[in-house]
Amino acid sequence: MGALAQYLRFSGREVSGSDRSFDQGSEKDKRDYFERHGIRLFPQDGSGVADRHSAIVVSTAIENDNPEIKRARELSLPILHRSELLATLCSEKKTLAVAGTSGKSTVTGMIYHILEAGGFAPALITGANLLSLQERGLLGNAAAGNGPWMVVEADESDGSLTRYHPEAAVILNIEKDHMEIDALIPLFKTFREQCRRIAFNAGDIRCRDLGRPGDIPFGPDFAGEFRLPNPEFSEWSSRFVLGGVRFEIHAPGRYNVENALAAVAAGLLLGIPLSACAEGLRKFRGVERRFVKVGEVRGITVVDDFAHNPAKIKASLETAKGRAFGKNRRVLAVFHPHGFAPMKLMGCDIMDSVAAVLDAGDKFYMPEIFYAGGTADKSISSADLIAALNQKKSIGSFFPSKQEILSAVAAEAKAGDFVISMGARDPALENFARDLLREIAAQHVEQP
């Protein structure tokens, strides 16, 4: 929603809105940023909705009895889902959409830089903040661009993927996340039918079935022309050679090399040379809350990450262990689950991923499931999931609150440990990893 508001404002439209977190006094910096860029903010009580507005735009999280929606109905204003607005904006430019259940934000950011390096002057609407755009004074998830192309992140979590008709697209993977795979496949098939050309992950059998003649297959294990030979990994970066061109990305882990390969495939869809793709990826600085190093104190490293489904958590924990570049660090991992329905759907699969990657000496912590409000079947608890994990490998600890976890992790951490906080959608996660670093520092003050 914030990205849409910024893009509209950057494009010269009048924009206003509300956010209940602002009403509660949180995210002041973000509120100040919006107002500084001419986006007017009102309390979420209907007072900001007026008959001069052409429409009111809402996210999936907004209830039907919200005061803004009630006021819009009184004024007979059109009420658009955010995906309907994004689809309309996509029709104004040539659009390259990035879809898949894992890696969308990172690949969208990488593609944006590749198109910049290729001289496309692209626009951007995505779900997470690019650190490179923050260096330019932007929030990081939107840019206007004066060229003909727009890069967008196309979400499948609420079924809105089928609203988009992009010129080109990248399909990264189809895995269990907000829905079962059987429910996701028809969405992706419809999406593919609405794209002119795609680049697709040929290493994912579900994506492979979507390919057509003229599409570009990619994948590190794909036995075709566009495959990835022998990447080199280090602590916070990765390197590989493709078509005789050397690539370096400022992001760790095998999964980020796979993300980079997808972004290069997107560049080739648009006719961008490999040399420009490599230049664009060198300028990519990562994405907020995607395996971002928060700091290090007394040899203990703390990282913040967005991982929240089985595949993402497995990839993040593998990177945290450091085995790809010759290490096997002790990992203290915190996972903040969001939503009772998602945990019913994939909680046991997440525990399987954790048990498959972590060693007996590692630790895995969970607070109670984050509840954002509304109706929910609360018959599952983080304590149940930790019990299931400990039956496989006795490394799990449940604490009812985040504060208890801060204290427990800080007391356990030792020099050489790698501490990672993972999770999505819980507003408290914006500061949790920093709080964890401070707590570790406070418990490791040298005694006189």
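The model is predicted, so local features need pLDDT of at least 70 and side-chain atom pairs count only at pLDDT 80 or more, while totals for chains, interfaces and linings use all residues. Residues are numbered from 1 along each chain as its sequence is written, and side-chain values use heavy atoms, with hydrogens and water left out.

Helix α6 is mostly covered, with 12 of its 14 residues buried, and after this helix comes Gly 119, whose phi is positive, near 85°. Helices here are DSSP runs of H or I with at least four residues, numbered from the N terminus.

Two helix pairs are set side by side below, with axes being lines fitted to C-alpha atoms over the stretch in contact, and angles running from 0 to 180 degrees between N-to-C directions.

| Pair | Axes | Angle |
|---|---|---|
| α12 (residues 310-321) and α13 (residues 340-357) | within 9 Å | roughly 20° |
| α1 (residues 2-10) and α5 (residues 82-90) | 11 Å apart | about 35° |

In the contact between α1 and α5 (heavy atoms within 4.5 Å), Leu 4, Tyr 7 and Leu 8 of α1 meet Arg 82, Leu 85, Leu 86 and Leu 89 of α5.

Terms used
Buried means under 20% relative accessible area, exposed over 50%, partly exposed in between (1.4 Å probe, protein chains only). Helices (H or I, at least four residues) and strands (E, at least two) are DSSP runs, numbered from the N terminus.
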